[in-house]
Amino acid sequence: MIQSYLTVSILLFCIGIVGVISRRNVFTVFMSIELMLNAANLAFVTFSRLHETMDGHVLALIVMAVAAAEAALALAVVILLHKHKGQLDTNVFSLLKG
Amino acid sequence: MTNDFMLLMPLILITAGAISLMLAAAYEKVTIEQAAFGCMGIFGVAFLVQLSNCITGHVAPYETVFNNMLVISNFTRVAGLIILGCGFFTAMSAQTYFKQNNFCTTEFYSLVTFSACGMLLLTMVQELISVFVALEIMSLAIYILVGYDRKNKTAAEAVMKYLMLGAFAGAFFTMGAALIYGGAHSTQFSSIGQFVAEKGFFNNPALVAGSFFVIVAFLFKAAAFPFHAWVIDVYDGASAPITGYMATGLKTAIFAVFANFLVADETLRSSWVTYLFYFSIFTMFVGNLIAIGQDTLKRMLAASGIVHTGYLLIALVAVSAENFSGNVILYYLAAYAVGTLGIFAALSYLGGDGEKRQSFDDFKGLARVRPFSAAAITIFLLSMAGIPPTAGFMGKFFIITSAIDAGQIALAVFGIISSILSMWYYLRLVINMYFHEATDSFEDTTSNRYAPVGTFILAACVFVIGLYPVII
Amino acid sequence: MEHNVTFLGYIPLLPLIGAAVLGFFHIGTCNRKPLNEKFYGLVACIGPLLAFVLALRVFLTLKGMPEEARYLSQKAFTWFQVGDLDITMGFLADPLSSLMLVFVTLIGSLIHIYSIGYMEGDKNIGKFFAYLNLFLGSMLILVLGDNPVVMFVGWEGVGLCSYLLISYYSEGTDNVLAGNKAFIVNRIGDLGFVLGMAFLFWAIGAGGFDYFSLKANAHSLTPGIALAVCLLLFVGATGKSAQIPLYVWLPDAMAGPTPVSALIHAATMVTAGVYMVARFSFLYAHVPVAGEIVAWVGIITALVAAIFGMFQDDIKKVLAYSTVSQLGYMFAGVGVAAYSAGIFHVFTHAFFKALLFLGAGAVIYAMHHEQNIWKMGGLKNKMPKTYITMVIGALALAGCPPFAGFFSKDEILYSALATGHVGIWAVGVLVAGMTAYYTFRMIFVVFHGEPRDQEAYDHCHEAPAVMTVPLIILAVGALLAGFLNLPAIFGGHQQVTHWLAPSLVEHHPHASLFVEILAIGASVAAFVIGIRIAYKRFAVGAEEPVFSGFSKFAYHKFYVDELYDGIFVQPYKKIGNAIRKTIEPSVTDAPVTLVSKLYMVIGTAFKVFQVGYVRVYAIYMIVGLSLMSLLLSQSLN
Amino acid sequence: MFEHVLSVMIFLPIVAGLILLLTPAGKGLARLTGLVISFASLILGLDIFFKFKEQAALQFVENVPWIPSFGINYHLGLDGISLFVLLAGAVLMPMVYLLFTTKEKGYYANLLIVQGAMAGALCAADMVLFYIFWEIMLLPIFFMLGMYGGEKRIKATLKITIYTIAGSLLMLASIVYVGVTYHSQFGEWNFAISQMSQLQLAGPVAVLAFFGFMIAFAIKIPLFPFHTWLPDAYTEAPTATTFVLSAIMAKIGVYAVIRFVVPVFDGEFARFALLLAYSGVIGMMYCGITAIAQKDVKRMLAFSSASHMGVIALGVFCLNVQALTGSIYQIVAHATSTGVLFLFVGILEDKMKTRKIEDLGGIAYKAPVFAFFFAIAMLASVGLPGTSGFIGEFLIILGAIKFNVLIGVLAGTTLIIGVCYMLWMFQRVFYETTNERTEGFTDLSITEGLTFLPVIVLIVIMGLYPQPFLSKIEPAAQQHIAALTKADTIQIAQSTHAQPAEGHTVEKKN
């Protein structure tokens, strides 16, 4: 039972990773990252059920809060990037290299 | 209790200051100068308070108040001291920097202060989720600071890269925290330590994987190979004072928490030593190889920052969980911080309008025109290169000593070799400054003296710290 | 009897002071109006003359002492003392050194006087006399030193002076090259000397390094070491005394002013080697093998040099080779353990060879620095004094009884024969004949016959008194010196031999009367034959011969110089150039530059990884992460 | 005051130099300061020389804790070995200011700093302190070479700097290793050199540490094949720098070998002595032969200096008191001969604007005093008896023969090799005929003459009466050799000589 929850969370996490490294749209990348965070939250909740303590839930909530803040910043950055280049392909932004 | 309160004072000061600065930003009347003074004042006061705390060596694990989430020891205190110093000098050089680049608003300083408060928290938190929160407080502020120049394409790109990869690493961190929570029934370092001590480490996959992810996240923030790639572009894109700030304060905070986490238990630490060993070697050499190829100063310094991360990892390998003092790490961080801050302070007033002087060749013949600045920069470079009698040398010396003392002779030798390799690019700038005729007049567009003063104070500090290594 | 006297040190010191004074004045004035030559001449002569007086005093003091205790010594100060090595700056006057002392100072003084005339009008006369005094001082240190190291000081000092004086006319590249050659070849010898001393020290030096202690400890030498030391020291001797294979510098040394050739390259310095071997007689006496080698090297040198001498056409070169040849005799003498005979030949040779050189100098002076004998001729009418004195010298050199050379040379040949070295004796006799031949070849060609260069002949004139007087004094010496060591067969008592006995380790062979007569007869015969042939060929109207076959080979001195040049000098320079051009940049320096270049290249190549695409950076992270987790899974199970 | 004389000798010049750098002082003032300071330290040096007692122990000791937690002290001291290198510096430095009057401020300031740093490296009795001074020593050289050097100066600068720093960083690792071993063996942190001789070092790591030290010093000396930085640096550097490098700094390398490697790594040292001796002697021959092919006087002198350093180093590796004393003596002798020759060439260059040998000639007629002094220095450097050069070389060859016959013989060839290139150069520069360039050569001025006179006199005095110097050197040398012979691994089997004749009663008649 617990295992399957964990499996789901691991799967989510891996999907997130694959998303980050395979997709080139800034939005999608951030969504994949959110996916990873949520996988972590799922793991938290699962474990707190496993240990029959509540603090896992609390931690999950904190993580969500922080993730929200991060997301807000991410959106701002997305807008900024779009202002500059008019598109959101990450490969476009490669002035800094070498 | 009051005493413990005093120990938290700097943190409180900084936080309050940050908030008040942000509020002040709402008023039109508050000029940037005033904000800068405010920021400097806050950092200065906090610094002094922290200094007095350092002198009264007294450890306060806040069992009751914060339920072991915060611990204040000499280690955290000195780390905090370094961070506050970094903040102070960053504000100082930003002062002058924004005379030549005008994209500053009052919030800038409040953000600097916010990130400082995140860093201070990082040094003393002893619990994973608090670490995550502190990390994010710091990071979010710094993300914004990196991309503060909205008009600037490179800044935008830098913040994009930093944000994406940082969030990516953050995700790893949370996952790691979750797994550790699953494995060790707790997210507090102390209880994790106890758990490992009782139940063992490698027989607990969740714990192993979790701590693995956490360490990866730390290594990312500390820009260790192979998680270093972002650092060069981000440092390049950010404005000079912020780069200096990131390179010093952020690194200090990260290494403080990293050390705290590692020394939660000896078996935990020793089981990661082999990995850290390889990490540090690769980090040093990759850093050197990147640095030697760079043409612009900032990117070179970023790469050399990677090398210094490698040295710090040596120190981490050499610490022991029993009787952990972390002096060596702190001393090296202090020495490195002084040098790096100094160079970026110098860059922020020598860089010219919109940082037009960036490459090595732009600084040809600086010594002919502005001998003192050139001398100061030389001192910083020598300190980073580890030439006596500078602080950098002492730091290197202590690190090598601790490494050999811990039986890591190979690591020490690699450290030596990499510092030989680092000579090339440090000397390259010195040679450009001294042995060529001046092509540029290096005119002083601003009448502002803060950054120069800061530079020379730091130059003095290089020798003071070098000749009186008190904290050791 | 008080042995420790303080005035020994002054003997070398006086000329040195003279040198210092002269040098000071010369350097002080040489780019301004020069001082009066006479001044230099006088100052120059004071030192040697005083030294001569002191030398006589030393000699007489010794004479007044009981024979077995005949020595004076002075320990001036501890020169250097490290561990067992304890070298004092000490001087020792025993019969051997006192004899050398006397004739060195005597001839030295004479030649100084002579030089006043010869060097007249030379703008660097101050420098010349300074060098000359310096030389005399070093020579006296060499003679007086009471241990090998002090002797070595003089040994190198005279080498330096010879270099300075050979390259005295330093505008001429050849002269300087000759000087360099002399110094370097001498240095090769000195290496032998130094190594010899080193071995000697480690073998027996711990008990004191002065001659007395060495003599006392000599018996504890292992034969191998003893032989090594003897040979190494002899290498030094061959360098200084121009023996095979290091004789090549002496003929070139004639580039110097003639008085220099007379003093340094004939009378005194070149005989230092013989003196040194005699000094170490207590070693050589132990190892007959070494003696054999010395003797053979000597006699072969004598032969070869004599052959060269027969074909030279430069008057000074003839004398130079005859010097080499005579030195060969001396080494043959000391080689067969007849040290006193060798030293005695040194003594007599000093007189007649100095005489011949100075005479030649007078001739050259008269002929306005013409040295080719085939440009002279019939000079006996023009310069009778020179002629007569030179004939005396020539007779002495050729070994005509009763001139000095006869007795000394005969002594050597006799002892060679008496000690059973028939081969050496035979060669010696042959060389005696050749000596007579080439000596009188020179005399006849220069002084007899018709003038070959009328115009030069008309201008030439007898030398001034300041030059002829020394000639005459030397002539007297050349005439009479032989009688000092008259062998018993002529009713003499061999005073010199007895005089030297205390300071030498030799046993006098007692051969039958027949052997003595045979030796004398043979050398007389050789002399007669040689002079006869010379008379036939050159007495009247001889012309400059054209050489071919062996004579051509000999005329070019067997091409030895070319050989050495090909074997040693050129390769040395080639190696140097090779290192400078190729090895230094491309072998020793290469690794350093290569490393740094490589580093740069890799660094630049490394920029490729900083692609600038954030995705790729994320991929780096994941790759590193997966690698790590692979490692981790390894360690887990 | 006097108990701090070493500190004064170290920090007086350094502080003066720094003040010069930080203040807008003019050239003249800078030179004057340098002159005064250097004379002051000359007087101090002489004072030390006469107060110095003839014993092996450290003297004028100062010992102040600096970093107690690592047992690092500010520990100074002087013994017979360091004394003379220190004196060589103190005696020779004033000449530079007297001779080169028209250089820039930084030139003199750097000279001051390097003088102080060298004094520090010589007096340091604590390994870390020594290392610090050792590195500081390099910085002024770096700047002088780079700022006032010839046209190829930057390449030369990079080469010498990175080469030397690489070496010294390896040494740092070795120092730390030694200190840590001391900590593990005696349970307390200590970096004092005197303590280190008690260490039991063994095993591969010890060998590595030994080579860590040796390579650092070999680069500084420089020993073959680590000499490749030398010709470029010596040739490109301004005269004073070359002078400092050759006359004093190279010697500090030799001194350091005696001071650090011999007591600490006695076993390894004895084991590798033969190898090192070969490297010394090969370097001597190699550089000597290379010297004769040089077209540039300064470059030729550079190689000759390297060649002599080979001999000096050899003396250290021969493991007997004669050779060791000899090489310490030769250190001073070489400083006064070759160092001074570099100064002469500097003057020559300033006057003739060239260093090419074939452009020169006949200078002896134009400048007799110059030629005379030059000749004396040259003769000293080829080791003519009666000059300072002979004593050292003789002792070294003597010792080398005892150590190993072949090496001794090879070392002896220095007599020949040296004289070859020197005479060859002397002929073409001073003899032969003048050309239009050398026609205008003017002799030394009175000041210059008086500047050189003391050194020339010193050369002769040291040749004729070396005992006062030797008697100060010998005790320390004896002590080091004793420390070595205690190490039972010495191999002198190669040397074939018979044992010294003990027991034979020698009646000394006098």
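Two residues are taken to be in contact if their C-beta atoms, placed from the backbone, lie within 7 Å. In this predicted model, the contact between chains C and D draws 62 residues from chain C and 57 residues from chain D. On the chain C side, the elements that each give two or more residues are the strand β1 (72–82) and the helices α5 (148–166), α6 (173–204), α7 (211–217) and α24 (560–588). Helix α6(C) supplies the largest share of this side, with 17 residues. Sorted by class, the side of chain C that touches chain D holds 30 nonpolar, 22 polar and 10 charged residues.

The axes of α11 (residues 266–292) and α18 (residues 414–430) of chain D come within 9 Å and cross at roughly 20°. Angles under 35 degrees count as roughly parallel, so α11(D) is roughly parallel to α18(D). The crossing of these two helices, α11(D) and α18(D), is left-handed. Where they meet, α11(D) contributes residues including Met284(D), Gly288(D) and Ile292(D), while those from α18(D) include Ile417(D), Tyr421(D) and Trp424(D). The residues of this contact comprise 9 nonpolar and 3 polar ones, with no charged residue.

Methods. Residues are numbered from 1 along each chain as its sequence is written. Chains are lettered from A and ligands numbered from 1 in the order in which they are written. This is a predicted model: local features need pLDDT of at least 70, side-chain atom pairs count only at pLDDT 80 or more; totals for chains, interfaces and linings use all residues. Helices (H or I, at least four residues) and strands (E, at least two) are DSSP runs, numbered from the N terminus. Ala, Val, Leu, Ile, Met, Phe, Trp, Tyr, Cys and Pro count as nonpolar, Asp, Glu, Lys and Arg as charged, and the others, Gly among them, as polar. Axes are lines fitted to C-alpha atoms, for helices over the stretch in contact, and angles run from 0 to 180 degrees between N-to-C directions. Angles under 35 degrees count as roughly parallel, over 145 as roughly antiparallel, 65 to 115 as roughly perpendicular and the rest as oblique. A crossing is left-handed if the near helix is turned anticlockwise from the far one by less than a right angle, and right-handed if clockwise.
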